[in-house]
Amino acid sequence: MDLSKVVDFIYWHALSMIEPWDDAVLKAMTVPELTEKGFQVSSSLDPECRVGMIESRGMIFVAVSGPMCGYSSMAIDQKKAKAFYEEVVDALLVA
């Protein structure tokens, strides 16, 4: 699983809506965990900075949150989003 590609995909959705994050924070997005409806990935530098995906009614939504922002929306490319979602969730279920 290439977590950096997943993080970049999710973060790209929110970039026009939030203040850009420092590259170091994005590169430190290495702490994935399952949630009730999907998963989230936190930054080891700043645990308040998180990206994630949830599945609702067969659709994948992306979410980005940090100390000064919060954004979520339906993923634009549902096929790619579902592939990333399933890859991360499956990997976390095995771990």
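Strands E3 (50-56) and E4 (59-66) run antiparallel to each other and are paired over seven bridges; two strands count as paired if DSSP finds at least two bridges between them. The names come from DSSP runs, with helices (H or I) needing at least four residues and strands (E) at least two, numbered from the N terminus. Everything here comes from a predicted model, in which local features need pLDDT of at least 70 and side-chain atom pairs count only at pLDDT 80 or more, while totals for chains, interfaces and linings use all residues. Residues are numbered from 1 along each chain as its sequence is written, and side-chain values use heavy atoms, leaving out hydrogens and water.

Back to the pairing: Glu55 has Ile60 in E4 as its bridge partner. The hairpin of E3 and E4 has two residues between the strands, and Arg57 takes a positive phi near 55 degrees there. That is a positive value in a residue other than glycine. Arg57 sits in the loop between E3 and E4. Is Arg57 buried or exposed? With a relative accessibility of 85%, Arg57 counts as exposed, given that buried means under 20% relative accessible area, exposed over 50%, and partly exposed in between (1.4 Å probe, protein chains only).

Strand E2 (38-43) has pairings of its own. E2 and E3 pair in the antiparallel sense over five bridges, and Gln40 has Gly52 in E3 as its bridge partner. Six residues lie between E2 and E3 in the hairpin that they form. The hairpin joining E1 to E2 runs through three residues.

Ser42, in E2, is buried at a relative accessible area of 9%. Setting aside neighbours within four places in sequence, Ser42 is in contact (heavy atoms within 4.5 Å) with residues including Met29, Val31, Pro47 and Arg50. Gly66 belongs to E4 and, at 15% relative accessibility, also counts as buried. The C-alpha atoms of Gly66 and Ser42 are separated by 9.7 Å, and the two residues are 24 residues apart along the chain. Not counting residues up to four places away in sequence, Gly66 touches Trp21, Glu48 and Cys49.

Leu34, found in strand E1, is partly exposed, with a relative accessible area of 37%. Leu34 and Val89 are 55 residues apart along the chain, yet their C-alpha atoms are separated by 7.0 Å. Beyond its neighbours within four places in sequence, Leu34 is in contact with Phe39, Val89, Leu92 and Leu93.

What span should the 17 residues of H3 (residues 78-94) have? At 1.5 Å a residue the answer is 24 Å, and the end C-alpha atoms are 24 Å apart, which agrees; the expected span is 1.5 Å times one less than the number of residues. The buried residues of H3 are Gln78, Ala81, Phe84, Tyr85, Val88, Val89 and Leu92. These residues cover an arc of only 130 degrees around the axis, so they lie on the same side of H3; the arc is that of the directions from the helix axis to the C-beta atoms. An α-helix has 3.6 residues a turn, so residues three or four places apart point the same way. On the other side of H3, Lys79 and Val94 are exposed. The buried residues of H3 pack against several elements, among them helix H1 (3-14), strand E1 (29-34) and strand E5 (69-74).

Finally, the nonpolar core. Such a core is a set of buried Ala, Val, Leu, Ile, Met, Phe, Trp, Tyr and Cys residues joined through side-chain atoms within 4.5 Å. The largest one has 28 residues, of which Ile10, Trp21, Met29, Phe39, Val51 and Met53 touch the most other members. Two or more residues come from each of H1, helix H2 (23-27), E2, E3, E4 and H3. H1 gives the most, with seven residues. Leaving out residues up to four places away in sequence, Ile10 touches Phe39, Val51, Gly52, Met53, Val62, Ala63 and Val64.
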